[in-house]
Each structure stands twice: as structure tokens, then as C-alpha cells.
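Student: Can you go through this one with me? I'd like to start with how the pieces pack.

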Amino acid sequence: MRSKIAITALAAAGLALLSTACSSGNGFGSSSASSTAGAASAASAAPNKSALTLMFGSSGTAETAAVQQAAKAFTKQSGIPVQVIAASNLTQQVAQGFSGGTPPNVFYLDPLTFQSYAKDGVLDAYPSSLPNASGFASALTQAFTYKSQFTCEPKDASTLALYINTADWQQAGLGAPPANWSQLEADAKKLTTGGRAGLTIDQTHSGIDEFFYQNGGTVTNAAGTKVDLDSAQNVAALTFLKGMLNQGIMKFPSQVGAGFSGQAFGENKAAMDIIGNWENGELQSDYPNVKFKVFPLPAGPTGTHATLSFTNCWGVPKQQSNLTGAIDFVKFLTTSQQEMTFSKAFGVIPSLTTAQSQYATTYPQYATFVQELAYAHPDIAIAGATQALSAFDSALQQLASGNPAAILGTAQQNLQAVINQGA
């Protein structure tokens, strides 16, 4: 889950700068009207032609070229110039822009950093002024909702699914993919050899929390005001994973000399992997000889299907040079046509449900990721929780020798303390 880990690490670098931005007296933390009203007013006014800046974190040349082409198409349509900046450290550079009073007009924004920006009131809640506000999967909308207000439209989607090495699978004489935890454990045993684990998953909360939901647990309440990590359901889920680790049929990437689970799978150090659709490009470019299929994650003991979702949104600062133009630009970027163009260019899953249907038809081998959005849950995103989440991840890395109840109890206390401080 290399891309997800990178986003979390970048968030830590930018939060200190964000704090400076919101206390610098430049007006970004206050407004005489609500952001909803501001968005509606901006949308009704005629856009000025002031140039826009789009800042984003690129996965490579294909994404950079696609974003540049989209900006050119918008300029041709609107007459508004757009400067496209592929940031080397997106979170830090955006925070520096806020601190200096000149944030980019539009920028990629991850859920964790979104919570901090939304808390400090620097974002315009523009979705209410756009006609597609209700057109996104629930998990994606949840990721960018703050105090019940949908604030930032998601630009793409990712879910976790089960990757199976088909050669290993056939060699082990296995049939249908695992439908539940018991079958997952049994298949992992059959797939495990002296030099290969049956299953690998990333050793972070972003690679593990889906098991909590599959067992009927959760991470926080719906309002995000109470952490529910130390429930009996979650302890049982973590105990199940510990059991597979202790049997040697599941291994974390670090146990097999890999940087993340996709590398372990690509190098055939594991026959199954739970990872997101970003792995598709990795396998194609670095491990083209690996034959694989993708399936939905197995259900928990009570038949509950669940996975995690990951996404970014199009952030729009409330105070900026051309708010109306920025919102119009996001409207252009979040059409089914443009989202499918991005999918074709660099493999992302569209965020709009209408475009997701087109994606599943166009790329049937990856339809699983779209199917799973119906029961996906957003990854943990709590303003100011970077350090607490890092501590949680460190404890999870020691799960094989650790106490599941103690690990979850400590994380529960740390994360609840962050929420209480923010309140």
C-alpha cells in the first residue's frame, strides 16, 4: 500500500505549517458568510478570467500529462488559464501556500489532511453548488464530510481487494476463491511453502482495519466523536490475524524483506495479497510475468462484507483570487467523461457512480474494486492524529508477539484523546 503510506507521511510534514497558516492573521480561518453560501454566491456570479493554479501529487508521467491535458481543455472552454504544478511534497507545499496567503486555487487533498483544513475553516464547501454533489459513493462522500457538511468532491476511488497468484493457486489444487475467514485461513495454509507465505497484508491500520468491519466492529461512531477500537469484535478480528501470523501462513512485508505487500506478492513471497487497485500498475510495470486475478475480500464470521476505501478530493480554498473559476474547474474535472479519461490515462477508478459503471464495463478484470465500494468504509482520518496513528501502526507491526486487546486499548485512548483535544 505504498501510495497510501506516502500520503500519511506527507500529512505529518504539513500539519505544522497548516497551524501557522491558520494563526497568521491572513483571514483564511474566518468568513462573514458560511462556506455553503459562499459557494452558491460564487457559482451564480460570472467567473473572472484570473489564472488558476492546480497543485497535485503525481504518480508518474502518465498522470502529469493527463492533468495537464485536462487543464488545457478547461482553458479552451472557459478562457481561464491554468498553471499545473506537480508538487514534490504536496502537503508541505500546499500548507506553505496557505501560510504565505497564496494557496493554490485547486489542489489534491487526502482525507487526513482534509480534516485539519476543514477544522480550521480554510476550505470552501462548494459541492452544494454543483449538480453532481449526490453522485458519489457514500464512503467517498463520508471521507470529505466535516460536521455533516460535504466539503470537497472526491476525484477518484480505491478499495482493498484480494489478489491471488493464479499459478500458485492452480498448483495448490484450489478452486473458488475464499468466501469467508475460515476459507481464507485454510487456503493460506495450502498455499504456504518453505519460501512463500499464503497471504500478506500491510502492517498498518490501513491494511488491517477492514477486518474489524468484517467482524461487525468499527473504528469510530458515525459522528466521529467517539473511538470504538477496543470492542470485542475488533479484539477477535485482531486475534484471528495474530493466529495466522503465528502459524506462519500470513506474513507482513517486513518479514519477507519487502517494503510493502504488493512487492511481496510481485516477488512471489506470498501467494495472496490484500491491497488496493494501485497494485495493478505496479504489477504491470515491475512484475509483468505474474499472473493474477482480483476478488472481493472474504466476509467475516457473520457474513459481513467490508473493505476500506481510499481517495483524494479537489480542495478549494475559501479565500483566493478566483473562487468562481476554481469551482467551475472542479465541475469540469468531475464529469463522467473527464473521470474516464483519467482512468484510461493512469488507471484510477472514477469517483462518480455513473463513471464507475462505465469503468466496470470497460475494465471487467477490475470490476471488483467498483463492486466493493457499496460496502466500503473510509480509512481513519482524524485531525491531529498523525502521531497517534503512527503509534498504532508501530504496535500492529509487533502483533505476532503482542496482545490484541492491549494494542487496541492503547490506540483507543490515544485517538480519543486527540478527538477530545480538538473538541
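This is a predicted model: local features need pLDDT of at least 70, side-chain atom pairs count only at pLDDT 80 or more; totals for chains, interfaces and linings use all residues.

Student: OK, at what angle do H3 and H14 cross?

Tutor: Roughly 120°, with the axes of helix H3 (residues 61–78) and helix H14 (residues 323–333) coming within 11 Å. H3 is therefore oblique to H14.

Student: Is that crossing left-handed or right-handed?

Tutor: The crossing of H3 and H14 is right-handed.

Student: Which residues make the contact?

Tutor: H3 contributes Ala 70, Ala 71, Ala 73, Phe 74 and Gln 77. From H14 come Gly 325, Asp 328, Phe 329, Phe 332 and Leu 333.

Student: And by class, what does the contact have?

Tutor: Between H3 and H14 there are 7 nonpolar residues, 2 polar and 1 charged.

Student: Switching to the sheet. What order are the strands in?

Tutor: The order is E2-E1-E3-E12, an open sheet of 4 strands with mixed pairing. Strand E2 (82–86) and strand E12 (313–315) are the edge strands, each pairing on one side only.

Student: How much twist from one strand to the next?

Tutor: It averages 25°.

Student: Back to E2. How many bridges join E1 to E2?

Tutor: There are 5 bridges between strand E1 (residues 52–56) and E2, and the two run parallel.

Student: Which strands does H3 lie across?

Tutor: H3 lies across E1, E2 and strand E3 (106–109). Relative to E2, H3 runs at about 170°.

Key
Residues are numbered from 1 along each chain as its sequence is written. Side-chain values use heavy atoms; hydrogens and water are left out. Axes are lines fitted to C-alpha atoms, for helices over the stretch in contact, and angles run from 0 to 180 degrees between N-to-C directions. Angles under 35 degrees count as roughly parallel, over 145 as roughly antiparallel, 65 to 115 as roughly perpendicular and the rest as oblique. A crossing is left-handed if the near helix is turned anticlockwise from the far one by less than a right angle, and right-handed if clockwise. Contact means heavy atoms within 4.5 Å. Ala, Val, Leu, Ile, Met, Phe, Trp, Tyr, Cys and Pro count as nonpolar, Asp, Glu, Lys and Arg as charged, and the others, Gly among them, as polar. Two strands pair if DSSP finds at least two bridges between them.
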